[in-house]
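Reader: Here is a model I would like to go through term by term. Please say what each label rests on.

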Amino acid sequence: MTADPTGPVGGPTIPFHMIDPAVHPDPDTCDTWRELREKHPVVRCETGDGGPGFWAVTRYRDIAAVYRDTARLGSEQGNMLGTLLTGGDSAGGQMLVVTDPPRHTAVRRMLMGAFSARAMAPVVDSVRIATRGLVGALVEAGGGDFVADVAAQIPLIAICELLDVPPADRAAMLEMTMAALGAEGSRESREEAARAQHEILLYYAGLLPGRRKAPGEDIVSLLATEEADGVRLSDAEVLLNCYNIIIGGDETTRLSSAGAALALMENPEQWERLRQDEGLLDPAVEEVLRWTTPVTHVGRTATVDIELRDRRITAGSIVTLWNISANRDAEIFEEPYRFDISRSPNRHLTLGHGPHFCLGGPLARVELRVMLEELRRQVGELEPAGPVERITSSFLTGVSRLPVRCSAGA
């Protein structure tokens, strides 16, 4: 992939392919992001295959400004680079994350009540009880795969509570969700992901008639019966937003929870600080979110001609915001490549910014805090027990397998 020299400032030859899922787990890409931030913070990239190309924005302040500018940079064409380069998202205008104001504002307002502290209380209680048991089982076994045994389970419990998935179906929902997220890599994995995505939609299509007829307190019932600015959501909108909650609710918590365990093992002095000081739990949550940045980027489409750092971006252009770079921007974060659980302030962009700030962000923070609480309460020694495996994706980054050994705390 090369940069296009158009505009007042020329561009570099980018030494890795941003849409190649194989390059993102490589720690060496940190140097690339640093170079882009310092020398070419807004750069035009051509894919080399005759495709439309895209703009990459890598500095924190520029990215935050684009997040806020929904009038000139829209989401309805899609919010993932891979999707935008292949024609856009068919769910645009129907699924909240790929909907623009004013419809986005109306649907988000409708959903906000379901994510209030009061509404979340029963969900948090279930997460707390389950997390205590998951960590306890890990300690009793002397270790295991932290991803499969703990990190993957916590968000599933929360999502199933939010959507009122019957307990008998929850194990199958975890399997479908994990498969649906494996959309990059081999053709076989992409086909498996597509099948899983279809199965998830079919599952909720089966629940929908009953929730319309006899609604409960869950989000499926809310989506099925409430109105957004006087208009009830279509069946397609209900199903797509259920799917969005499932996938969005899973990825941030699962990947940040696994990343938290890895970061604490790699930085044992921080683990010891956390064990000794309960007051560090809240800043630790924020540092884990910054450090892990599970969603590498978000995509937008320019709806009019704009300028950003003197670069001319024409209407219709794809603009990508690289959170993974913004969260290491030295203009904002002191010693950004240091994991520091007492970091303050910590205004990371992991959960987005502006009108599209993650609706489930408060729940993700609670889930992560509860997990850290249980680790410091139950675990003494925590150390690696085998090779770490990372996911292969250009959209998500994190750990897919994390063997650990652990012992009970004193």
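Author: Two strands pair if DSSP finds at least two bridges between them; strands (E, at least two residues) and helices (H or I, at least four) are DSSP runs, numbered from the N terminus. The model is predicted, with local features needing pLDDT of at least 70, side-chain atom pairs counting only at pLDDT 80 or more, and totals for chains, interfaces and linings using all residues. Residues are numbered from 1 along each chain as its sequence is written, and side-chain values use heavy atoms, leaving out hydrogens and water.

Reader: Why are E12 and E15 called paired?

Author: Four bridges join E12 and strand E15 (residues 403–408) in the antiparallel sense, and at least two are needed, so the two strands pair. Leu-382 stands opposite Cys-406 in E15.

Reader: What makes E5 and E12 edge strands?

Author: The open sheet has the order E5-E15-E12, with antiparallel pairing. Strand E5 (143–145) and strand E12 (379–384) each pair on one side only.

Reader: What makes helix H5 a helix that packs on the sheet?

Author: Contact means heavy atoms within 4.5 Å, and H5 (residues 117–141) touches E5, E12 and E15. The direction of H5 makes about 90° with that of E15, where axes are lines fitted to C-alpha atoms, for helices over the stretch in contact, and angles run from 0 to 180 degrees between N-to-C directions.

Reader: Which sense does the pairing of E3 with E11 have, parallel or antiparallel?

Author: E3 and strand E11 (residues 318–321) run parallel and are joined by three bridges. Leu-321 in E11 is the bridge partner of Val-57.
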